[in-house]
Amino acid sequence: MMNIKEIHEEVKKCMYCGFCEFPCPTFNALRSRAYGPRGRINLIKTLIENGFGQSKNIEINGDVINSIMTCLHCASCDTQCPAGIKIADAIHSFKAFILETILK
Amino acid sequence: MVSMTQRQGDVIKELEAVFKDRLFTEPHILALYSHDASSEVGVKPMAVVQPVSVDEIIKVVKLAIDHGFKIVPVGSSTSLSGNATPKLENTVIVSMERMNSIIEVSDTDWYARVQPGIKVDELNLELMGYGLQWPVDPASSKTATVGGVISNGGGGMRGAKYGPASHWVLGLEAVIGTGDVIRVGCRTVKCREGYNLVQVFIGSEGTLGIVTEATLRLAPLPESFVGVMARFRSAESLVNAVIRVRRDKLWPMVTEFIDDITAQILNLEPGYYLWIGIDTYTGSEQQILTKLSGDISLSGGEVINRASTWQEFSKILEPRRMLYSATLKAAFNDYGTDVFVAFEDIAVPMSKLPEAVREIQSLGKKYNVRMNLGGHIGDGNLHPAVWARRSDRDEMERVLRFFEDVGKLAIRLNGTVSAEHGIGTQKKGLLREAIGSRNNGNSDTVIGLMRNIKRIFDPYGVFNPGKIFD
Ligand SMILES: Cc1cc2nc3c(=O)[nH]c(=O)nc-3n(C[C@H](O)[C@H](O)[C@H](O)COP(=O)(O)OP(=O)(O)OC[C@H]3O[C@@H](n4cnc5c(N)ncnc54)[C@H](O)[C@@H]3O)c2cc1C
Ligand code: SF4
Ligand code: SF4
């Protein structure tokens, strides 16, 4: 599991090329950016930068939670990323963080 | 008086009636559509919609005319010049991701009718079953949509033989800025029906309308394939090999290269690397390989690997496919996540390639920027990549000046400032310079014509404002 700083360091590397969407089962089922790896890690990036689960009390909408929570952790996306981002683990670690924050 | 937010609220309500759960207004999700893969900074649009039919697209265009909002059509937002980045807040992104079906493939007439949201690799995987291909294969083919490739006028590795998107589109259906649906072009390669409006759309970067269907010209997959990977001591001798192969009247499908810096990042032995792949017929492989290898050694190169099938060639081409990730690796190594990376996209006539490579390298030294170089050398298309520390203003300034000068170099060598990535927002100035250079310093007449064409297709100024020209 990564901590929030480690997750941020990973997701910040995203160049937005979208290569990771090609093999993603949830993206291919829904054809919607938020349900693919690129969408998920960029949602996570903004949430972290807005202070989610840290000092600030940030409201997060069901659409955003669903998109992150529906990741299957299959790691197909990792094999495609030219920036070498550990996408699946970053999303997986952030899921735990969301649960911790919500249950706090 | 009706306030701005009240007006926006009305628009959202009307969009909701059409798009239901395919309308997004959640700010984090809007942010996902607020920029493309370039460094261009965008703004959050007011909404994103994902149409599934032409009727829905007509409706959103009519709403835009009535309510005065703007539309940016997007595929996968992988543009590299700001083409797909919204610049105004009153923008609705029309994302074509769900319109991704193949409507028809004709293996007799060699065309395919597709919706624009299908990705190039998805299409080519399907076409393989027919022994056919759509030979426009940008390095981003895994993610680039057919609509995006057409609208950017993209090209790729097979471009050395097949040329870019403009050679491979027979017909288009589009919704233009009056809300009308037009169908232009034919199903035949020969088609002389007045002005060629298909070509007007190609490379128009979403400024004239929304492409809703494309009839694509197809080519057969090669029966057989041979290729080599070769190393050279200098860029000059590498380019001479490419020229020698052309003089021998060989017509490679793939002619790609990387420079010594990229080779170093990829842990290859020092040198400049060239890949040449030729499509051919069973029985002639050895003869072509011998000729090819001869041309390489006569130019001072050394053949490192040979391939006698497409699968083998794909394997030996792997280091070239790593160009983008090699650049990112070096950039992250140097500056971590504070890095800014940008990719140039010029083309020069073949005879000017040695000069272009030499001058790009000396511009890199002049501005003391970190860079590497690679590209589709078979059609003169060079992609210098540069990286800098975002927080270092001086270095960022030097990178921008380097870019400007690389564009000017292309103009001076009778080349182009954009071979395949398009103009977007980032190359508007260079476009004017390029046009001016061919028109005694006057770019106004030609840009004026383009502006008038836009006005005819998009009289209310709905589509992708601020792109290509002001
Ligand atoms: C790593 C990497 C490598 C690349 N390599 C290449 C390469 O080798 N060759 C090359 O040509 N490009 C390359 N590109 C640039 C880019 O991927 C291509 O131009 C691609 O064709 C864009 O497709 P897209 O679906 O992402 O389009 P988008 O970026 O979403 O859109 C492109 C433009 O078309 C418009 N548009 C999109 N869909 C429609 C539609 N249906 N109707 C009307 N307008 C529309 C948009 O408004 C925008 O102006 C590369 C990019 C990356 C990140
Ligand atoms: S790990 Fe998640 S984001 Fe990555 S491919 Fe699998 S489902 Fe998609
Ligand atoms: S492949 Fe990597 S860099 Fe490209 S969009 Fe996905 S996460 Fe970002």
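**Entry 1, the seven-stranded sheet.** I began in chain B, where seven strands make an open sheet with antiparallel pairing, in the order β15-β12-β14-β13-β19-β20-β17. Its edge strands are β15 (302–307) and β17 (346–347) of chain B, each of which pairs on one side only. A reminder to myself before going on: this is a predicted model.

Strand β19 (residues 374–376) of chain B is joined to strand β20 (residues 381–382) of chain B by two bridges, in the antiparallel sense. Looking across from Gly375(B), I found Leu382(B) of β20(B) opposite.

**Entry 2, the five-stranded sheet.** Chain B also has an open sheet of five strands, and I read its order as β5-β6-β10-β8-β9, with antiparallel pairing. Here β5 (102–106) and β9 (181–185) of chain B are the edge strands, each pairing on one side only. From one strand to the next, the twist averages 15°.

How many bridges hold β5(B) to strand β6 of chain B? I noted four, with the two strands antiparallel and β6 covering residues 111–114. Ile102(B) has Val114(B) of β6(B) opposite.

Helix α3 (residues 54–67) of chain B lies across β8 (169–176), β9 and β10 (209–217) of chain B. Its direction is at about 45° to β8(B).

Over to chain A for helix packing. Helix α4 (residues 62–69) of chain A packs against α3(A) at an angle of about 125°, and the axes are 9 Å apart. That angle makes the pair oblique. I logged the crossing of α3(A) and α4(A) as left-handed.

Which residues of α3(A) and α4(A) meet? From α3(A) I listed Arg40(A), Leu43(A), Ile44(A) and Leu47(A), and from α4(A) Val64(A), Ser67(A) and Ile68(A). By class, this contact of α3(A) with α4(A) has five nonpolar residues, one polar and one charged.

Next came helix α1 (residues 4–11) of chain A, whose axis comes within 10 Å of that of α5(A), crossing at roughly 140°. The two helices are therefore oblique to each other. The crossing of α1(A) past α5(A) is left-handed.

On the α1(A) side, the contact uses Ile4(A), Ile7(A) and Val11(A); on the α5(A) side, Ala90(A), Ser93(A), Phe94(A) and Phe97(A). I counted six nonpolar residues and one polar in the contact of α1(A) with α5(A), and no charged ones.

I stayed in chain A for the ligands. There are 13 residues around ligand 2, and those that come nearest are Cys24(A), Arg40(A), Cys71(A), Cys74(A) and Cys77(A). The elements giving two or more residues to this shell are α2 (25–30), α3 (37–49) and α5 (87–103) of chain A. The shell of ligand 2 has 10 nonpolar residues, two polar and one charged.

Which residues are around ligand 3? I wrote down Cys14(A), Met15(A), Tyr16(A), Cys17(A), Gly18(A) and Cys20(A), then Arg38(A) and Ile41(A), and finally Cys81(A), Pro82(A), Ile85(A) and Ile87(A). By class, the shell around ligand 3 has 10 nonpolar residues, one polar and one charged.

Technical notes. Residues are numbered from 1 along each chain as its sequence is written. Chains are lettered from A and ligands numbered from 1 in the order in which they are written. This is a predicted model: local features need pLDDT of at least 70, side-chain atom pairs count only at pLDDT 80 or more; totals for chains, interfaces and linings use all residues. Side-chain values use heavy atoms; hydrogens and water are left out. A residue is near a molecule or strand if one of its heavy atoms lies within 4 Å of it. Ala, Val, Leu, Ile, Met, Phe, Trp, Tyr, Cys and Pro count as nonpolar, Asp, Glu, Lys and Arg as charged, and the others, Gly among them, as polar. Two strands pair if DSSP finds at least two bridges between them. Axes are lines fitted to C-alpha atoms, for helices over the stretch in contact, and angles run from 0 to 180 degrees between N-to-C directions. Angles under 35 degrees count as roughly parallel, over 145 as roughly antiparallel, 65 to 115 as roughly perpendicular and the rest as oblique. A crossing is left-handed if the near helix is turned anticlockwise from the far one by less than a right angle, and right-handed if clockwise. Contact means heavy atoms within 4.5 Å.
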